[in-house]
Amino acid sequence: MVSGPSGAGKGTLIKGALERIGDLAVAVSATTRAMRPGEVDGREYHFMSRAEFARLVESGAFLEHAEFAGNRYGTLNTELDRIMDSGRSVILEIELQGARNVRVVRPESVSVFIEPPSLEELARRLRARATDADEEIEARLEVARTEVAAKAEFDHVILNDEIGRATDELVSVIESEVEVASGGPQG
Ligand code: 5GP
């Protein structure tokens, strides 16, 4: 799973890694947040109302779920099954609380933290994205401080100072960990 502050570049790094590594897919999460321009329902997320999300929580559909900056996000068990049944490894792009929950229920998972060069740079990136309202950006920056403070919990920390270098690092982390997972005595 890949965590790190909103705007740290997780999505871009994961996209780069997917282009270079086969047998890997990102689980499409469910969320209650509004769709951003350019997003497609079922591709970036399964977008839904809070009522629908709550129903899925009730029915045990989530591996984990969390509240982030005023919206709910969750990893659907059906997504994990879909990807794993096709023989691929799953990448979860997930915030801090979700990563903590997954560590408990799936202790074999590997966690990677994507660190922005600085909180100032992060603020610049979030404002440049210009798809979120000002209050939303402030909420994300507030959460970012907590997230960066927790980076030592992660198996790997990748500093996203330069996209090409950081992608190389993510690719080598995934390649080494997937190899370990499939070649180890636990199978
Ligand atoms: P965004 O609204 O920017 O797409 O995502 C906000 C945060 O929610 C990001 O840190 C993202 O990684 C996280 N997130 C996305 N999907 C999930 C999920 O299924 N579970 C959890 N816990 N966090 C998620």
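1. The protein chain carries 22 positive and 34 negative side chains, and the centres of the two sets are 3 Å apart. Lys and Arg count as positive, Asp and Glu as negative; His and the chain ends are not counted. Each charge is placed at NZ of Lys, CZ of Arg, CG of Asp or CD of Glu.

2. Basis. This is a predicted model: local features need pLDDT of at least 70, side-chain atom pairs count only at pLDDT 80 or more, and totals for chains, interfaces and linings use all residues. Residues are numbered from 1 along each chain as its sequence is written, and side-chain values use heavy atoms, with hydrogens and water left out.

3. Overall build. The protein chain has seven helices and nine strands. Its radius of gyration is 16 Å, close to the 16 Å that the globule rule gives for 187 residues, so the chain is as compact as a globular protein of that length. That radius is taken over C-alpha atoms, and the rule is 2.2 Å times the number of residues to the power 0.38. Helices (H or I, at least four residues) and strands (E, at least two) are DSSP runs, numbered from the N terminus. Along its principal axes, the C-alpha trace spans about 50 × 40 × 30 Å.

4. Burial and surface. Of the 187 residues, 42% count as buried. Buried means under 20% relative accessible area, exposed over 50%, and partly exposed in between (1.4 Å probe, protein chains only). The accessible surface of the chain comes to about 9700 Å². Carbon and sulfur atoms hold 52% of that surface. Areas come from the Shrake-Rupley method with a 1.4 Å probe; for residues, only the protein chains shown count as cover.

5. Contacts. Take the contacts with a separation of 6 or more: 63% of them join residues 24 or more positions apart. Contact means heavy atoms within 4.5 Å.

6. The parallel sheet. Three strands form an open sheet in the order β1-β8-β9, with parallel pairing. β1 (2-3) and β9 (156-159) stand at the edges with a single partner strand each, so one side of each has no neighbour in the sheet. Two bridges link β1 to β8 (residues 112-115). Serine 3 has phenylalanine 113 in β8 as its bridge partner. Two strands pair if DSSP finds at least two bridges between them.

7. Strand β6. Six of the six residues of β6 (residues 71-76) are buried, so this strand is largely enclosed by the rest of the structure. Asn71, Tyr73 and Thr75 point one way; Arg72, Gly74 and Leu76 point the other.

8. Partners of β6. β3 (residues 29-31) pairs with β6 in the antiparallel sense over two bridges. Here threonine 31 stands opposite tyrosine 73. β5 (residues 62-68) also runs antiparallel to β6, with six bridges. Phenylalanine 62 faces leucine 76 in β6. β5 and β6 form a hairpin with two residues between them, and alanine 69 in the turn has a positive phi of about 45 degrees.

9. Threonine 167. This residue lies in helix α7 (residues 163-183). Its relative accessibility is 9%, so threonine 167 counts as buried. Beyond residues up to four places away in sequence, threonine 167 touches Leu13, Gly16, Ala17 and Arg20.

10. Arginine 127. Helix α5 (residues 119-129) holds arginine 127. The residue is partly exposed, at 47% relative accessible area. Leaving aside neighbours within four places in sequence, arginine 127 contacts Ile137, Glu138 and Leu141. The C-alpha atoms of arginine 127 and glutamate 138 are 9.8 Å apart.
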